[in-house]
Amino acid sequence: MNWKETYETWLKSEKLDAELKKELEEHKADEAVLEDAFYTSLEFGTAGMRGIIGAGTNRMNSYTVRQATEGLALYLESKGSEFAERGVAIAYDSRHKSPEFAVEAAKTLAAHGIKAFVFEELRATPELSFAVRHFKAAAGIMITASHNPPEYNGYKVYGDDGAQLPPAEADELTEYVRSVTDLLSIATVSEDEAKEKDLLKIVGKEVDRVYLDYLKTVTIDQDLIDRQGRNLKIIFTPLHGTGKMIGMKALKQAGFKNVSLVEQQAEPDPDFSTVKSPNPEDPKAFEMAMKQAEKENADILIATDPDADRLGMAVKTTEGHYEVLSGNQIASLLVDYILNAHTKLGTLPQGSIILKSIVSSELPAVIADKYGVQSMDVLTGFKFIAQKIKEFEETHEHTFMFGFEESYGYLIQPFVRDKDAIQALVMVAEMAAFHKEEENSCFDALHDLYHQHGHYREKTISITMEGMEGTKKIQSLMEAMRKESPKEFGGIKVCKAEDFREQVRTVKSVEEPINLPKANVLKYTLADSSWIAARPSGTEPKIKFYMSAMDDSGVVVEEKLEAFEADIQSIIDNH
């Protein structure tokens, strides 16, 4: 069927709920809106799906949630009845329709006789990852659109190890989801019936308690916190999301007593009414926290995104104002503190390793090397870090010490298999307490790292291209760069080109294989060790360009980034 026929089918269906039917009738005269809602199915990819809430096959609604869950049920059943009987853990964040979508998923699973462990209230994504492992469930579902605008929601699937599915399993699941074509006829049972049959179990505080117990293992130097926990002044904002309850408990449990919430942003709010974007990557998200910090003379400011898997941080500068750090800068400080603290205490294991994504800064790797610790690059997506953790547990080749992505995602202890802002909250506070005791600041500590290892700066350009035309333009741009690989950026020659989709690395016209899974990423390393990468988003209508510059001078680094950005813009304009 074409999009008009699909739209008519939905509009005339007696199975369509009244709210969505009303929305379709309101847009009867707006073909552009209807076409975008029905021209395709909401893409279910390696990270699940994410989209605007509303009526249509290309929207997040109860029917697309049922489709995804029906596909998941078929996937679990294909693994055998014993596997499916382990059930599925389900959590949700503070977004519009999140609780409803969580229940729809449980009702769909119940129609297959598959049990769902559904959290009683909103919970952070890392706790969902933990819950999958805690219940020994076959899978997990997280209803979240992370830090996207309020009109979005999403659906992420986790495997039985608590990590998002690796490529082969994700592709298999995607095929099952796509095989479900009649969204309006997917079988469900009522919520009451699911509960009566013990196929929908409400969970909550008992999981919180166990998760908090595991969070105690994140702390490295408890004596340090005992000395400084009352002195370190922390401002914390959960940006209207899930971070407040478990985050405040985690800080208090660790021994940090001097913590102030940004009250206007403390409670869940699906409209994120005090910020333009609930994203700790955006310095504007810290505006309220900064005003409060100035009044209370805070040492550090911490923000978590709505599903509390990402963490941002602002620190006091030598001039007394507050500066928002990048994800790479936070990771550099954390790597240095974690390895230094373990070295001093004599608890740094043999074979220690840190893991990072291919588009993250090299500075943490350089810092790790100073401590005799290896670092390893993996593809973007925390599931690849989780895969390596699992591999090391089986081979005992390495001991995982830290994993991160430049997009504000960190993991310290592997009892969770996704980025965990609650763990990072505790560790960032401990790291700041250490520098305070040394009569230093986190800002000064970062610049000490630059003096030791060179100035590393990164910048990401994220370009949104909405709708069908946007998707085509992103594809065209990537193919054009593959066809004619850039020879230089900012006047500095490209010495290595990597195409992670074709799994080929080219150095001085010599090709060699890349031993990583396929991914639609292009990366160019320059003669001065700076690099540029291009990567379309798997869940959003965006293409991201990552830049990293390195030099002994911070001023020169900024000039390089400006030149790189100008060349990237030229490539975009010419395609």
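## Two helices side by side

In this predicted model, helices α14 (residues 327-345) and α15 (residues 363-370) pack with their axes 9 Å apart, at an angle of about 10 degrees. Angles under 35 degrees count as roughly parallel, so that is what α14 and α15 are.

Who does the touching? On the α14 side you'll find Asn 328, Ala 331, Ser 332, Val 335, Asp 336 and Leu 339, and they meet Leu 363, Pro 364, Ile 367, Ala 368 and Lys 370 of α15. Sort the residues of this contact by type and you get seven nonpolar, two polar and two charged.

## The four-stranded sheet

Next up is an open sheet of four strands with mixed pairing, ordered β13-β12-β14-β15. At its edges sit β13 (374-378) and β15, each pairing on one side only. On average, neighbouring strands here are turned by 20 degrees against each other, direction ignored.

Strand β14 (residues 399-405) pairs with β15 in the antiparallel sense, over three bridges. For Glu 405, the bridge partner in β15 is Gly 409.

## Helices on the sheet

Helix α14 turns up again here: it packs on the sheet and touches β12 (352-357), β14 and β15, with its direction at about 165 degrees to that of β14. Helix α16 (residues 382-395) lies across β12, β13, β14 and β15, and runs at about 175 degrees to β14.

## A tucked-away lysine

Is Lys 419 buried or exposed? Its relative accessible area is 6%, so Lys 419 is buried. You'll find Lys 419 in the loop between β15 (409-411) and α17 (421-437). Leaving aside neighbours within four places in sequence, Lys 419 is in contact with Pro 126, Asp 309, Arg 310, Phe 382, Glu 405, Gly 409 and Tyr 410.

How values were computed: Residues numbered from 1 in each chain as written. Predicted model: local features only at pLDDT ≥ 70, side-chain atom pairs only at ≥ 80, totals over all residues. Heavy atoms only, no water. Buried < 20%, exposed > 50% of the residue type's maximum accessible area, 1.4 Å probe, protein only. Contact = heavy atoms within 4.5 Å. Axes fitted to C-alpha atoms, helices over the stretch in contact; angles between N-to-C directions. Parallel < 35°, antiparallel > 145°, perpendicular 65-115°, else oblique. Nonpolar A, V, L, I, M, F, W, Y, C, P; charged D, E, K, R; others polar. Pairing = 2+ DSSP bridges.
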